[in-house]
Each structure stands twice: as C-alpha cells, then as structure tokens.
Amino acid sequence: MSATIEHLESWLVDLPTIRPHKLSMTTMGCQTLVILRIVRSDGISGLGEATTIGGLSYGVESPEGIKSALDNYLAPLLVGQPADDINPLLARLEKAVKGNTFAKSAVETALLDARGKALGLPVSALLGGALSTSLPVLWTLASGDTARDIAEGEQLLESGRHNAFKLKIGARELATDLAHTRAIVEALGCRASIRVDVNQAWDASTAARGCAELAAMGVDLIEQPVAAHDRDALVRLSHHCGTAILADEAVASPQDGFDIARRGFSGACALKIAKSGGPASVLKLANVAQAAGIGLYGGTMLEGTIGTVASLHAWSTLPLAWGTEMFGPLLLKDDIVVRPLDFANGQVALPQGPGLGVELDEDKLRRYSRASQ
Ligand SMILES: O=C(O)C[C@H]1C=CC(=O)O1
Ligand SMILES: [Mn+2]
C-alpha cells in the first residue's frame with residue numbers, strides 16, 4: 001500500500017546572526033526560520049524550510065504568517081493524501097490557496113525530501129540529476145561599515161572560503177554608497193568579483209546615474225536597482241548599463257520571467273525557491289529564462305541549512321552563469337542540523353545522501369524554537 005501523509009509539524013526557530021546584516025530595508029540581528037516536518041504513514045519524514053528577511057520588511061509573507069498558513073490551511077489539504085504523488089498534491093494546494101509561495105516552498109521541499117528518502121535518491125536526482133557535486137558560493141559584505149567589510153573580505157580571501165562578494169547598498173545617499181563600493185573595489189576588486197544589491201532602493205533616474213558609476217568602477221553585477229514593479233526601467237538598464245543587471249524582486253513566477261523576456265531584458269535572473277514555491281517549481285522560471293537567453297543565478301532568502309540545501313539541489317541541475325549566494329548558514333551563530341554544509345575554495349558541496357541529505361538536530365531545534373508559537 002502506498003504511504004499517505006499522516007501529520008505536519010512546524011516551528012519558528014530564532015537564530016542570532018554572527019554580526020548585524022544591513023540591507024536597504026532592514027538590519028538583521030537574528031534570522032527566523034520556519035521549519036516544517038511532514039510525517040508519512042510508513043514512518044518516513046521530510047523536512048522543509050520557509051524563511052524570509054526582516055519580518056514583513058522584505059517580502060509579503062512573515063514567519064508567523066507562514067507558520068499559520070502551514071498549520072491552518074496547507075496541512076488540512078495534505079493529511080490523508082498519497083504522499084508520493086507530488087504533482088497532484090501541489091495542484092491541490094494551488095487550487096485551494098492563492099500565493100503563499102514561501103509556505104508552499106516548505107511543503108514542496110518536505111515532500112521531495114521524504115520521497116527521496118523513500119526511493120534512496122537525492123532530491124537533485126528527483127529533479128533530473130545534478131550537473132556537479134559542488135557549486136560556487138559568494139559572501140555578502142553588509143556590516144554597515146566600510147572598514148569592517150574590507151577586513152572581513154580580506155580574511156575570507158585569505159582563508160580561501162570565498163572569491164566573490166556582494167555588497168548591500170541603497171540605504172544611504174547615492175554618493176555615500178558609491179564611495180563605500182569604490183573603497184571595497186579598490187581594496188579587494190583585483191582578487192575577487194564584486195557585485196552589489198540595491199534591493200529596489202533607487203528611482204529610475206538615480207539608477208541610471210548609479211549604475212553608470214558602478215560599471216565604471218568595475219562592479220561585475222548590479223542586482224535589482226529599481227522597484228520590482230518598474231520592469232521597463234530594469235530592461236532599459238540591462239541595455240544601457242555597461243555591467244550586467246540581475247533581476248531579483250522583479251521575478252518570481254514563470255509568467256514574470258516571460259514578461260521581462262518579452263520586454264527584451266538582457267540581464268540575469270536571481271532564482272529563489274521561496275519566491276517560486278519550491279525547488280521543483282522554481283525550475284519552471286529557470287526554463288523560461290534559459291529559453292530567453294537570460295543568465296541564471298542561485299539566490300537566497302538567507303535560509304538556514306535546510307532551505308539552503310533544498311535550493312542547492314535545484315541549482316545543481318542548472319547551468320548557472322553567475323554562480324550562487326547560498327551562504328545563509330554561515331551568517332548564523334548556530335545550526336539546527338547534525339552535520340553542517342562544507343564551504344571551501346569558493347564552493348559549497350552538495351550533500352549526496354537520500355532526500356535533502358541533511359538530518360535535524362532535535363536538541364538544537366528545541367533550544368532555538370520560539371516558546372509560544
Ligand atoms: O538578495 C537579497 O535581496 C537577499 C539576500 C541575499 C543575500 C543577502 O545578503 O541578502
Ligand atoms: Mn537581492
């Protein structure tokens with residue numbers, strides 16, 4: 001008899017960051033992971049994670065809202081259903097629940113993890129097979145202080161852990177952000193690829209000036225300089241700026257990808273499992289981008305290890321023109337898995353075990369879970 005879904009459990013897990021992480025819309029001192037476990041009638045269980053940044057300051061789903069969607073809306077649609085039929089299960093959720101792609105991503109991940117464990121196959125194999133066993137991974141310099149960022153970059157180059165850095169700009173005046181970026185390019189730029197993420201902070205005319213200056217100083221990639229809705233400005237920048245433009249908040253669904261492709265976008269696209277509803281669903285956007293000649297980049301919502309590994313399984317099946325930023329676990333002071341990921345030589349290794357290939361540390365889960373959920 002085929003296994004059915006018996007029950008779902010979810011937790012809000014608060015983990016402190018190793019230092020303040022300053023983005024254009026918020027400064028993080030703690031990250032909240034929403035962890036999901038789906039338990040099947042055959043005793044196999046699957047793990048998933050849905051994580052956002054800064055409560056409701058980055059995206060439209062909060063950690064507390066994600067947990068509520070999982071417990072009150074998605075779980076009742078899943079309990080008692082055949083556990084192996086992932087496409088029918090996703091169709092069932094899609095029919096009954098609008099949006100909520102972060103919560104759906106946790107479900108899709110947990111279903112894939114459990115299915116992989118049942119078959120003895122890694123999630124990457126369920127998604128068609130990995131092209132490589134390790135992936136490039138950058139680090140984000142975002143302490144909010146230029147000298148501290150340079151010292152951090154120096155130390156990471158010395159240890160060999162990373163050879164590419166992303167800077168978070170957009171919170172301050174354009175001139176201040178440009179001076180900050182120039183100082184980092186001058187200090188580290190001949191040994192590392194330097195990219196910036198503006199997180200939608202600029203209007204179209206500030207972006208035209210800012211991107212021209214960033215291109216001239218040798219920045220390799222400029223991420224989401226304008227508002228997510230201003231796709232025309234993003235397309236114009238991709239044509240006229242001397243540096244590649246990366247679409248992040250502007251693209252989540254395959255339809256978004258089709259729309260920017262139709263408008264002639266010539267940059268690259270940041271894929272994130274949370275934006276698209278999971279490691280299988282995100283491949284639909286990736287395929288549209290590929291068909292349009294838009295380069296791919298493996299993006300993060302600063303997830304912990306479970307969400308990071310789920311993403312890595314998806315990214316491993318794709319040709320990534322710009323590598324990945326799957327460093328989330330390294331930003332956190334502790335981990336809730338038994339064996340953390342291996343980061344070295346600018347790469348992160350893809351776990352090879354069945355399912356996601358990671359195991360929860362139940363004591364740590366309990367220690368960091370919010371008391372009243
Ligand atoms: O891309 C974002 O906007 C979110 C995230 C990714 C890296 C980082 O530092 O923040
Ligand atoms: Mn971004």
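The largest nonpolar core in this predicted model has 109 residues, a core being a set of buried Ala, Val, Leu, Ile, Met, Phe, Trp, Tyr and Cys residues joined through C-beta atoms within 7 Å. Buried here means that 20 or more other C-beta atoms, placed from the backbone, lie within 10 Å of a residue's own. Those with the most contacts inside the core are Leu-36, Ala-103, Ile-222, Leu-246, Ala-247 and Cys-269.

The contact (C-beta atoms, placed from the backbone, within 7 Å) takes 39 residues from domain 1 and 35 residues from domain 2. Elements giving two or more residues to the domain 1 side include strand 1 (5–22), strand 2 (27–40) and helix 3.

Ligand 1 has Lys-168, Asp-197, Asn-199, Asp-248 and Glu-325 among the residues around it, counted when the C-beta atom, placed from the backbone, lies within 6 Å.

Residues are numbered from 1 along each chain as its sequence is written, while chains are lettered from A and ligands numbered from 1 in the order in which they are written. Since the model is predicted, local features need pLDDT of at least 70 and side-chain atom pairs count only at pLDDT 80 or more, whereas totals for chains, interfaces and linings use all residues.

Methods
A residue is buried if 20 or more other C-beta atoms lie within 10 Å of its own, exposed if 12 or fewer, and partly exposed in between; C-beta atoms are placed from the backbone. Two residues are in contact if their C-beta atoms, placed from the backbone, lie within 7 Å. Helices (H or I, at least four residues) and strands (E, at least two) are DSSP runs, numbered from the N terminus.
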